[in-house]
Amino acid sequence: PRYAKDFEDIPRERGAIAYYSPGIKQLVVVDSPREFQEVVRHEAFHQFLDYFVHGAPRWFNEGSAAFFERSTFGRPRLDEKYHNGARFGLTTKALPPLAELLQMPAATWVGDPREFLFYCQAWSFIYWLHAQGKAGLLEEYLNLLIAGAPHETAYAKVFAPRIAAFEPAWRRAVLDSAYHEK
């Protein structure tokens, strides 16, 4: 990582303690408070993904980055912050259906008042897939993106055929805090 204080020409993300800058292909660290390790893992995932997939779908990019703040592949760990946000979003009916989130353009996501809830929803879907033993679908989706498939094609192949069954099961898991129940 590089430190933002050392580079006057690097635009800074407002309020961020670290962020990945695709323009300079660097992880930029602004500060180092207690949550530093999770933030670096989150932003480092953006750097990793950008190396393989330019313009990755926002739900996958942010949801995976949030997932890897505390988890590793094969060892998912519940993150109360994201779980509680997803649960709140569902109970207040603030979240879109999964199919809509998984196809949402970045321009719709960014700046929406529900933006943090979108992060929570994306994290909870990815966490649920891991907890259900379906993480291979995420790998299949990523491999299609790496191979150059448009995100619409990757979604249509991997998630569209399953989303009607996934939606109610995922919602139940979030609302009941029961991600591992089948």
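At 42% relative accessibility, Lys-81 counts as partly exposed, a label for residues between buried (under 20% relative accessible area) and exposed (over 50%), using a 1.4 Å probe and protein chains only. The model is predicted, so local features need pLDDT of at least 70 and side-chain atom pairs count only at pLDDT 80 or more, while totals for chains, interfaces and linings use all residues. Residues are numbered from 1 along each chain as its sequence is written, and side-chain values use heavy atoms, leaving out hydrogens and water.

**Salt bridges**

- Six salt bridges are counted, each being a side-chain nitrogen of Lys or Arg within 4 Å of a carboxyl oxygen of Asp or Glu.
- Glu-69 and Lys-81 form one of them, with their closest N and O atoms 3.7 Å apart.
- Because Glu-69 lies in the loop between H2 and H3 and Lys-81 in helix H3, this pair ties together parts that are 12 residues apart in sequence.
- Glu-38 forms a salt bridge with Arg-70, and here the closest N and O atoms are 2.9 Å apart.
- That pair links distant parts of the chain, as Glu-38 is in helix H1 and Arg-70 is in the loop between H2 and H3, 32 residues apart.
- Glu-38 is partly exposed at 22% relative accessible area, and Arg-70 is also partly exposed, at 34%.
- Asp-112 and Arg-114 meet through their side chains in a salt bridge of 3.0 Å, N to O.
- Salt bridges with shared partners also join Glu-38, Arg-70 and Asp-79 into one network.

- Helices are DSSP runs (H or I) of at least four residues and strands are runs (E) of at least two, numbered from the N terminus.
- The 17 residues of H1 should span 24 Å at 1.5 Å a residue, which agrees with its end C-alpha atoms being 25 Å apart; the expected span is 1.5 Å times one less than the number of residues.
- Buried residues of H1 include Val-39, Phe-45, Leu-49 and Asp-50.
- The buried residues of this helix pack against E2, E3, H2, H3, H6 and H7.
- Glu-43 sits in H1, which covers residues 36–52.
- Although buried, Glu-43 has no salt bridge, and the nearest side chain of opposite charge, Arg-58, is 9.1 Å away; Lys and Arg count as positive and Asp and Glu as negative, with His and the chain ends not counted.
- Among the residues that Glu-43 touches are Ala-18, Tyr-19 and Tyr-20, leaving aside residues up to four places away in sequence; contact means heavy atoms within 4.5 Å.

**The strand pair**

- Strand E2 (residues 18–21) is covered on both faces, with Ala-18 and Tyr-20 buried on one side and Tyr-19 and Ser-21 buried on the other.
- E2 pairs with strand E3 (residues 26–29) in the antiparallel sense over four bridges, where pairing needs at least two bridges found by DSSP.
- Ser-21 stands opposite Gln-26 in E3.
- Four residues lie between the strands of this hairpin, in which Lys-25 takes a positive phi near 55°.

**The nonpolar core**

- The largest nonpolar core has 46 residues; such a core is a set of buried Ala, Val, Leu, Ile, Met, Phe, Trp, Tyr and Cys residues joined through side-chain atoms within 4.5 Å.
- H6 gives the largest share of this core, 12 residues.
- Tyr-141 is one of the residues with the most contacts inside the core, and the residues it touches include Trp-59, Phe-60, Tyr-155 and Phe-159.
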